[in-house]
Structures are given as C-alpha cells and as structure tokens.
Amino acid sequence: MHLHRKLAKALLDVGLTEAETMVYVELLQKPAQTIWKLVARTGLSKSTTYRAFDRLRELKMVENGAEGIRALSMKNLVADLSTKERKLRKSVRDLKEIAPY
C-alpha cells in the first residue's frame, strides 16, 4: 500500500476527519503558500479547509509560518494518543475492580 494511503488510513482510524487527513497528507507532500492554494489543491471548500487547518494546528500537526503552511511531525498526536490510551487502560482496570465480569 502506498505510504500516503497507509498514513491516511491510520489518521482516520485515530479520529481525524477526512478533511483533516486530506489537508495533512497534502501538506506533507508540499507546503502551501496560502490557505487558498491549499483549497485549490485539496478540492475542499474554504470553510472546510480552515476548520481542518485549525484542528490540525490545535493538535500541533501544522503551522503557518514565514515560509507558508507546512506539516509538522506527528509526535504531538502520538503523545496525545498515548496519554488517552493510558487513561483508558486505567479506566478499564477501575471498572473491572468495581464490577468484574
């Protein structure tokens, strides 16, 4: 499977939307000078592209700097998912102690 397709599937599996995934993968391939260029390249609407970009920025996966909009490492996403995984494991242990099944 092509690397970008595998990445897109993994991002969708962890909860990113299709638009967020499209924007991130597109920026990995080539940074964009403006949101308008990103809109043109992805085929998404302007509002959808802005929402996806804002969410990705919150996740620290993209930035809009002097050289334009670019994808960042996924390490922050991985760290966030690891934290959620630890919390879920603790919740499962707590539930098993309260009401074993």
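Predicted model: local features only at pLDDT ≥ 70, side-chain atom pairs only at ≥ 80, totals over all residues.
Residues are numbered from 1 along each chain as its sequence is written, and side-chain values use heavy atoms, with hydrogens and water left out.

Let's start with the helices. Two packed helices are described by the angle between their axes and the distance between the axes. Here, helix α1 (residues 3-13) and helix α2 (residues 18-29) have axes that come within 9 Å and cross at roughly 145°. Those axes are lines fitted to C-alpha atoms over the stretch in contact, with angles running from 0 to 180 degrees between N-to-C directions. Helices are DSSP runs (H or I, at least four residues) and strands too (E, at least two), numbered from the N terminus.

Who touches whom? On α1, look at His4, Leu7, Ala8, Leu11 and Leu12; on α2, the contact is made by Glu18, Thr21, Tyr24, Val25, Leu28 and Gln29 (contact means heavy atoms within 4.5 Å).

Now for the strands. β1 (residues 62-65) and β2 (residues 68-71) pair in the antiparallel sense over 4 bridges; pairing takes at least two bridges found by DSSP. The two strands form a hairpin with 2 residues between them, and Asn64 has Ile69 of β2 as its bridge partner.

Finally, check out Lys60, in the loop between α4 (46-58) and β1. Its phi is near 60°, a positive value in a residue other than glycine. Lys60 counts as exposed because its relative accessibility is 51%, given that buried means under 20% relative accessible area, exposed over 50%, and partly exposed in between (1.4 Å probe, protein chains only).
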